[in-house]
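I set out below what I looked up, entry by entry.

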Protein chains: 2
Amino acid sequence: MNTEHDIRKLMLAMGQSAREAAAILAESTTEQKNAALLAAAKALRTHKDDILAANARDMEIAKGRGLTGAMLDRLLLDNGRIEAMASGLEAIAELPDPVGDVMASWDRPNGLNISRVRVPLGVIGIIYESRPNVTADAGALCLKSGNASILRGGSESAHSSRAIYQCLVKGLEDAGLPEDAIQLIPTQDRSAVGELLGLAGLVDIIVPRGGKSLIERVQNESKVPVMAHLDGICHVYVDKDADLEKAVNIAVNSKMRRTGICGAMETLLIDETAAEKFLPPIAAALREKGCELRGDARCREIIPDMNAASEEDWDTEYLDAILSIRCVDGVEGAIKHIAEHGSHHTDSIVTENAETAAEFLGRVDSAIVMHNASTQFADGGEFGMGAEIGISTGKMHARGPVGLEQLTSYKYQVRGNGQTRP
Amino acid sequence: MNTEHDIRKLMLAMGQSAREAAAILAESTTEQKNAALLAAAKALRTHKDDILAANARDMEIAKGRGLTGAMLDRLLLDNGRIEAMASGLEAIAELPDPVGDVMASWDRPNGLNISRVRVPLGVIGIIYESRPNVTADAGALCLKSGNASILRGGSESAHSSRAIYQCLVKGLEDAGLPEDAIQLIPTQDRSAVGELLGLAGLVDIIVPRGGKSLIERVQNESKVPVMAHLDGICHVYVDKDADLEKAVNIAVNSKMRRTGICGAMETLLIDETAAEKFLPPIAAALREKGCELRGDARCREIIPDMNAASEEDWDTEYLDAILSIRCVDGVEGAIKHIAEHGSHHTDSIVTENAETAAEFLGRVDSAIVMHNASTQFADGGEFGMGAEIGISTGKMHARGPVGLEQLTSYKYQVRGNGQTRP
């Protein structure tokens, strides 16, 4: 398993067996897929001690490598987190099966009936970092949507992911589904990722989940289409016609509910004609929650002890309790700022003016645009789509939260009674 | 315009101005876009003589280069073909505008309303070969779907395409839309294509239209997602439970209505248990139309004077009056053959057995699967989708005919009244 040649052979074999498993999965019933998910959930509970032991090994190695507190916390498993994984699998079993859905059906004047029917994409490659629970989530979402998956976890969580993965395989076996429907790359060799990204024709789509450098590498190198977002530079724009209480609540929640998620606000835009009204109470509320503020010149006229924002701040995803604030020339100025500095993820306007809101919702070119709501609602679960595998900022295929439906394609079924084309 | 550096600069500038035009187009009304299409149609008729003169130059150069009859015919414009282009633009103006369509809308328990709304993809690059009418079709489909386009025609049709393109620009001007909404690459330098394929971030999607070597180059080189099909190796499977008359009609129509289109049948599969019943009348009907037949050993037992098919024949898209024929072990054998040799384009079963048909429609993994219908119906117009820019065999984004709807993405609009996430 050490030479580049061996890894190439391994990855090709994994791709081929995933493709074969995908053909069987595409024909599997909802009952079979759900049975596998429920059996895997049961296995997670039964093998809890094995998983905790594997996780203890990962934690020990991680501490030895000097990993920091937040990273160690992401890696850690305990009884509660294992139970959350198991009930997560059960929740995915509860979701409606998208495969076989007739999305549309119509008759042609010549008597042909045409239906557009949902089918799985095929084989999905998932590349993720330290959180070991992604093994269960990602494998399960792919399975329920009828797709085979090839998982590549981070090296820190190698033992934990392997132990969780064995429970997924147990589920597949119990349900009579092919073991290779979910595969975990057995080596941490870095070249395995490169090989996976080159398996065009065997792998249909790559979903990277992790930090910016991972996503960047995958987007640059992949020969297979990638569904992901690089940045979540989300904005809230407080319009002159905003309701003050809503503006304060939405700004505080968008930034501070959780600062480390992609839907967290990173820049607050305020209509300059109303900055004196809105900025002081919003700034006070954010500071009270422990948020550092970095403002432009106009903001610092109003609140002189605020730090100065540099040009770089407008392009920075802090993922931390830091916020940049800028005064803009009304909704036009907000739209312009977002076009220049946004990442097409999630942006929200606070206003009581319906016309201004429509302008913002229509013209801001982001996967999710909001009116009078916190950017932290940018989440498949909050959208009612069930679990998500991530959020896509690309416009091809799926945009926004990627749930079961977004992991499918379709085909046309045409039914005739002997029609030929004149 | 001669150095590589100049061409890189040119293509970057075209990409940037297309991106700016796309932002304006995304906000344009249906009326404006239709006005541009109708004015362009009018300009095509008004400038008919200029277009014919430009085409005469192309034809002269082409003859000098020794182009063959079929290629010259594809290049030729006459009054009828110009009128067809003009009325094609008018037909696109008649189609419903997909942009702004609310695809779905739902309320969440917390009072948020979520809508999924169609938006244009952005900037579309179209690379095509000799037919100059693609200039009008492709530019118009992109315009109606709110997308800016960068067109790259073949060198043979350079003068014709330029003359047609000027009519499109006239239409944009008349309707007050940005001229750069449709751009035609002004150089035939080959490196311009390479630069276009590298404009990720400025160009959202590439649609190549032409021969296999063009598609192959584009699919291999492009940094931008590609929507296309490489091959159209379409099959008709005649089941033992087929109706004889339907089988003969569908086989003849699928092969011989037009042999040069991607939806033409290239391989006929026959249930071996019923080959003696079906093969002779089908073969006779095809031969009467002038089709060369290449059969496997079993076929040649039944019709000894048939040419022998080689292994290569099963993977060949003839685009000509040639057909390979193979006896297979029922619907299972047909599905297996198509999985091994098909190109995921269009495949049809002829049978009166509903169960067998369902098996075929469910398990053949092609963009279009048919029951008792000719493969030549694989066409956006025949599907009732209006004009199409091509057929996609990929599973990402659009599969099957690519019409106006398939040239769009969507965004989520979330409307609240101050909601924050707990």
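Which hand does the crossing of α13(B) and α14(B) have? I found that the crossing of these two helices is right-handed; a crossing is called right-handed if the near helix is turned clockwise from the far one by less than a right angle, and left-handed if anticlockwise.

Basis of the entries. I worked from a predicted model, in which local features need pLDDT of at least 70, side-chain atom pairs count only at pLDDT 80 or more, and totals for chains, interfaces and linings use all residues. Residues are numbered from 1 along each chain as its sequence is written, chains are lettered from A and ligands numbered from 1 in the order in which they are written, and side-chain values use heavy atoms, with hydrogens and water left out.

Entry on chain B. I looked up helix α13 (residues 330–341) and helix α14 (residues 354–363) of chain B, which pack at about 15 degrees with their axes 10 Å apart. Axes are lines fitted to C-alpha atoms, for helices over the stretch in contact, and angles run from 0 to 180 degrees between N-to-C directions. Helices are DSSP runs of H or I of at least four residues, and strands are E runs of at least two, numbered from the N terminus. The angle makes α13(B) roughly parallel to α14(B), a term for angles under 35 degrees. I listed B:V331, B:E332, B:I335 and B:I338 of α13(B) in contact with B:T356, B:E359, B:F360 and B:R363 of α14(B), where contact means heavy atoms within 4.5 Å. I sorted these residues into four nonpolar, one polar and three charged. Ala, Val, Leu, Ile, Met, Phe, Trp, Tyr, Cys and Pro count as nonpolar, Asp, Glu, Lys and Arg as charged, and the others, Gly among them, as polar.

Entry on α6 of chain A. I noted that the axes of helix α5 (residues 79–94) and helix α6 (residues 133–144) of chain A come within 10 Å and cross at roughly 15 degrees. The two are therefore roughly parallel to each other. Residues of α5(A) that meet α6(A) include A:M85, A:L89 and A:I92. By class, this contact of α5(A) with α6(A) has seven nonpolar, one polar and three charged residues.

I then checked α6(A) against helix α7 (residues 158–174) of chain A; their axes come within 9 Å and cross at roughly 30 degrees. That makes α6(A) roughly parallel to α7(A). The contact is made by A:T135, A:A136 and A:L143 of α6(A) with A:S161, A:I164, A:Y165, A:L168 and A:L172 of α7(A).

Notes: Parallel < 35°, antiparallel > 145°, perpendicular 65-115°, else oblique.
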